Amino acid sequence: MSVYHALVMRDDIAQPLEAIDGIEYTHLDHGGSDSAEFEYSTDFQLLLLNFSDASLAEQDQILWDLRSGKLDLPREIPVFCRQDSPLLEHLGDGLFEKRSQFHTFLDSFYERLEQLQKHTGSSPLDKFLAHAWPRADSSFGPRWQLQSHSSYQYPLLSCLGIEDQQKTLALWRQSDVIVERELVDRVRQCPRCDSEHLNYVDICPRCKSIDINSSVSLHCFTCGHVGEQGEFQLDTALRCPTCLTQLRHIGVDYDRPLERFHCASCDHRFIEGQVVASCHNGHRHKPDELKERRLYRYGLGPAADQIASVGRIFDNRALQWGESTSIENFSWLLRWTNTSAQRHKHQHLLLFLNWEGVAEAITQLGEARALAQIAELQERLHSVIRQTDVFAEIDADKAVILLCHTSVKWLDQIAAKLASIEAANDSSVLKLQVRNFPLPSKDLPENTQQWLLAQSNKLDIDDVI
Ligand SMILES: [Zn+2]
Ligand SMILES: [Zn+2]
Ligand SMILES: [Zn+2]
């Protein structure tokens, strides 16, 4: 049986940790002199948080920092806690008390991590799989959060730095990386700004004022006057303020109109107010005009296994950008090509591609139609790329192509080809942005991968061919 080394943070709970076969504890003494002796990233295989009830917020902070990569420990390390805290179910691996499965879990975790590590890069998907895939049968769900624009966020994705979670989840689901496990909630969104913080209020159906009250009113049969019950009150009896008739019997002298509401702005009386939902940006919509967002707990899909076991390099399914090489391979090839091109005076062309407006397309067309369009455009793009060109996906909506033995003089022709992809695109929101970088170049730094990522991010603001 293998021995796992556990780092224990905090000793808030006096009751000592029970000894478990195959687990060795090291207590991290805060400010202790020997804490510097450890190489945290390699010496420990699991983390135990021994926080008391009183410091659960601190426990959550540790979980958050760990998964965000801010601690000197591997981001994906298994974590168990002795007390439950709000983020434990999202970012941790459970309560220490449920330790009967400890060894089985750790064996399986490290076996799977081993398989995965050969392939992982630094894209959001890679980071996600590095966390989720080693945990066989893992799943992740949303958490209600007050401070964010959307009411729900997926804490795991937030920790991995994924901002546009709705778009990312839609793309991953489309490519079978994740599957829906369970519907957690349905929330309404403002169709203009996607805000999920909505106030539902009933307003006057005539002048739309919010200044309405429910009131008991009376209707005099003699003169037809309608007014607040108070106007009719005369000591204990009722008398019409207009025609002064004594109102004795309901149904004979008077009745109560169905219009229970009164508008203080326009004096209108009505049976039921009109309900509107307003967001904090001041947009007002009828409830049936609001968009619906469905929040699921997700598990890993078949494509996750495929990426983990064979890597994306051999993946011949259309995964987001289609068949492509990994960014690591691409970086290496780029460096090599650049050096060799300088020596042999060859000319190559590097193209950075970016789909603009994916989020807008999802908003305007709905998820299914937008994704179908992206898939179709990507297929056309592939028909333009030659066998000898090398293609790497940087993000769900960014990629880079190396056009071998192609000089800048062909740029017009390439631009025309790429423009034909766009022309066939009937959606006005989706745009393919292209930027070129001729090779060989002396500006290519040693860390090509970092340079590629930085360059691809410039797309949003820079020039377009
Ligand atoms: Zn709004
Ligand atoms: Zn009257
Ligand atoms: Zn009114």
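The model is predicted; local features need pLDDT of at least 70, side-chain atom pairs count only at pLDDT 80 or more, and totals for chains, interfaces and linings use all residues. Residues are numbered from 1 along each chain as its sequence is written, chains are lettered from A and ligands numbered from 1 in the order in which they are written, and side-chain values use heavy atoms, with hydrogens and water left out.

**View 1. Confidence along the chain.**
The mean pLDDT of the chain is 82. Here pLDDT is the predictor's confidence in each residue, from 0 to 100. A value of 70 or more is reached by 85% of the residues. Where pLDDT is low, predicted coordinates should not be read in detail.

**View 2. The zinc ion (ligand 1), held by Cys190, Cys193, Cys279 and His283.**
Donors are N, O and S atoms within 2.8 Å of the metal (3.2 Å for Na, K and Ca); water is not among the atoms, so sites may look incomplete. The site is tetrahedral, with angles of 103 to 119° among the 4 donor atoms. Four donors count as tetrahedral if all angles lie between 85 and 135 degrees. Ideal angles for four tetrahedral donors are 109.5 degrees. Along the chain the spacing is C-x2-C-x85-C-x3-H. Cys190, in the loop between strand S8 (178-189) and S9, and Cys279, in strand S19 (residues 274-279), link distant parts of the chain, 89 residues apart. Strands (E, at least two residues) are DSSP runs, numbered from the N terminus. Cys190 is buried at 1% relative accessibility. Cys279 is buried too, at 7% relative accessible area. Buried means under 20% relative accessible area, exposed over 50%, partly exposed in between (1.4 Å probe, protein chains only).

**View 3. The zinc ion (ligand 2), with four cysteine donors.**
SG atoms of Cys220, Cys223, Cys240 and Cys243 lie 2.2 to 2.4 Å from the ion. The 4 donor atoms subtend angles of 106 to 115°, so the arrangement is tetrahedral. The donor spacing reads C-x2-C-x16-C-x2-C. Cys223 sits in the loop between strand S11 (217-220) and strand S12 (226-228), and Cys240 in the loop between strand S14 (237-239) and strand S15 (246-247); this pair links distant parts of the chain, 17 residues apart. Cys223 is partly exposed, with a relative accessible area of 36%. Cys240 is buried, at 0%.

Cys204 lies in the loop between strand S9 (198-203) and strand S10 (212-214), and Cys266 in the loop between strand S17 (261-263) and strand S18 (269-270), so the pair ties together parts 62 residues apart in sequence. Cys204 is buried, with a relative accessible area of 0%. Cys266 is partly exposed, at 21%.

**View 4. Arg269 and its contacts.**
Arg269 belongs to strand S18. The residue is buried, with a relative accessible area of 19%. Beyond four places in sequence, its contacts include Ser215, Ser217, Val226, Glu228, Glu259 and Phe261.

**View 5. A parallel sheet of 4 strands.**
The open sheet has the order S2-S1-S3-S4. Strand S2 (23-28) and strand S4 (79-81) are the edge strands, each pairing on one side only. Two strands pair if DSSP finds at least two bridges between them. Strand S1 (residues 4-9) and strand S3 (residues 46-49) pair over 4 bridges. Met9 has Leu49 as its bridge partner in S3.

**View 6. Antiparallel partners of strand S21.**
Strand S21 (residues 291-300) runs antiparallel to strand S5 (residues 139-140), joined by 2 bridges. Ser139 stands opposite Gly299. S8 also runs antiparallel to S21, with 10 bridges between them. Glu182 stands opposite Arg297 in S21.

Definitions and conventions
Tetrahedral: all angles 85-135°; square planar, octahedral: opposite > 155°, others 65-115°. Contact = heavy atoms within 4.5 Å.
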